[in-house]
Amino acid sequence: MRRRIVLLVAATTSAVVVGFLVPMCLLIINLANDRAESQAREQAQLVAGLIASVPDDTTLAAAVSSISRAGLVVTVVRADEDLIGASSLTDDTRTSVQRARKDRKSFTATMDHGLDAVVPVTTTNGVDVVIATVPSGQVNRGVPAAITTICTIGALLIVGATLLARQLARRVTTPVTAVAATAHRLREGELTARARVGGPPETVELATALNALAERIEDLLDAERERVADLGHRLRTPVTALRLDSELIDDDEVAGRFREHVDHLQRSIDHVVRDARRNVRHDVKRRCDVAAVARDRVDWWLPLAEDQGRELRLVIHRDTGGVGAWVAADAVDLTEALDCLIDNAFAYTAEGVALQVEVLVDDGWVVLTVEDGGPGAPEDAAERGRSGSGSSGLGLSIVRRVVEGAGGTLTLGRSGALGGLRAEARCPALVGIP
């Protein structure tokens, strides 16, 4: 928009300036010609008057020489073809002399050498002809300088109008681009972003509407999170009651299965509440070090693994090309996803089963795998609501959402090292971060 405004003003100003410059330049040229023609006529008439009153050629020659020194070239052609003031005539000049003697009228003619004013004078000896010549340099005297001055003024007007249009365009477009930048920040999840209200009335209205929309979205999300939190608290009460009731069942096998179902229900509710109440990220450029997150979570889960007699290993392979294990994901999101994978391994494998967390940087990809020695899971277990162990399947769907949000993929398969489930999250590595 800014460029179009500047180009439009520059084109319009140029058209107006050219529309004035061309007639002005033509007017200057015509005025210069009229001035030269008038000057030549006056001097020719003056010499013609001298011919009638001064019959002496010597006196006439002195007068002609005096006029010629003033810038004009005056020549008198006597009836007997004697010349006063010049030694010879050009062919065009001789043609003008013959025309003057024939028509007995004064006229002006434009020649290669300049402008000629031709005046016939009738004497007792015949028709004398006076020729007053304004040289070409004298005819156009001052014209180039005047045209240059006018063109310079026109160019300055165009430049000035362009600069003013640029300032005007900036004042018009800057508020619009600022509102667009705020909209992009809102799209990226920065719900506290607000547009600055300013500029033209239309931009003020747009910024006000965008701010009101952002506030409305933030209020709706806050209300939604609160409702989910209330729902989670309301669900925990009956779940707790079910857990207590399971203690009253005499059959140990039935009580164990009942408690297992209650545990699955509790974990599903926790996943739903934690995911719904997750704060919207304010950092537009999300990134984190997968190796650091994996090291932190393994350290956190290690005491529980030791209590259950599990071997929990962490293997980190660094890329030989110097590419770090950074991905375009938030550290909190990745922590939650890795916790889901490790929690599933703890929940659905027997105590004493080994687990391994591996981080590998391979050809521009960061690969995070969690493997266990349990019974495994079907390949579609990562789909929402699907599970091979009787759970809700929400944990793996959360992992898939986080991985795909970072531009990667989540695949499930059989672990070659431990024989159980192998969950592999593959995300593109961020370049330029060691």
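Trp300, Trp301 and Phe346 form a cluster linked by ring pairs. Rings of Phe, Tyr and Trp (its six-membered ring) pair if their centres lie within 6.5 Å, with planes under 30 degrees apart counted as stacked, over 60 as edge-to-face and the rest as tilted. By this rule there are two aromatic pairs. Trp300 and Trp301 are edge-to-face because their ring centres lie 5.1 Å apart and their planes meet at 75°. Trp300 counts as exposed at 54% relative accessibility, whereas Trp301, at 7%, is buried; buried means under 20% relative accessible area, exposed over 50% and partly exposed in between (1.4 Å probe, protein chains only).

This is a predicted model, in which local features need pLDDT of at least 70 and side-chain atom pairs count only at pLDDT 80 or more, while totals for chains, interfaces and linings use all residues. Residues are numbered from 1 along each chain as its sequence is written, and side-chain values use heavy atoms, leaving out hydrogens and water.

Strand 10 (residues 365–372) has seven of its eight residues buried. Strands (E, at least two residues) are DSSP runs numbered from the N terminus, and two of them pair if DSSP finds at least two bridges between them. Strand 10 runs antiparallel to strand 9 (residues 355–362), joined by eight bridges, and Val370 is the bridge partner of Val357. In the hairpin of these strands, two residues lie between them, and Asp363 takes a positive phi near 55°. Strand 10 is also joined to strand 12 (residues 421–428) by seven bridges, again antiparallel, with Leu368 opposite Ala425.

Definitions and conventions:
Helices (H or I, at least four residues) and strands (E, at least two) are DSSP runs, numbered from the N terminus.
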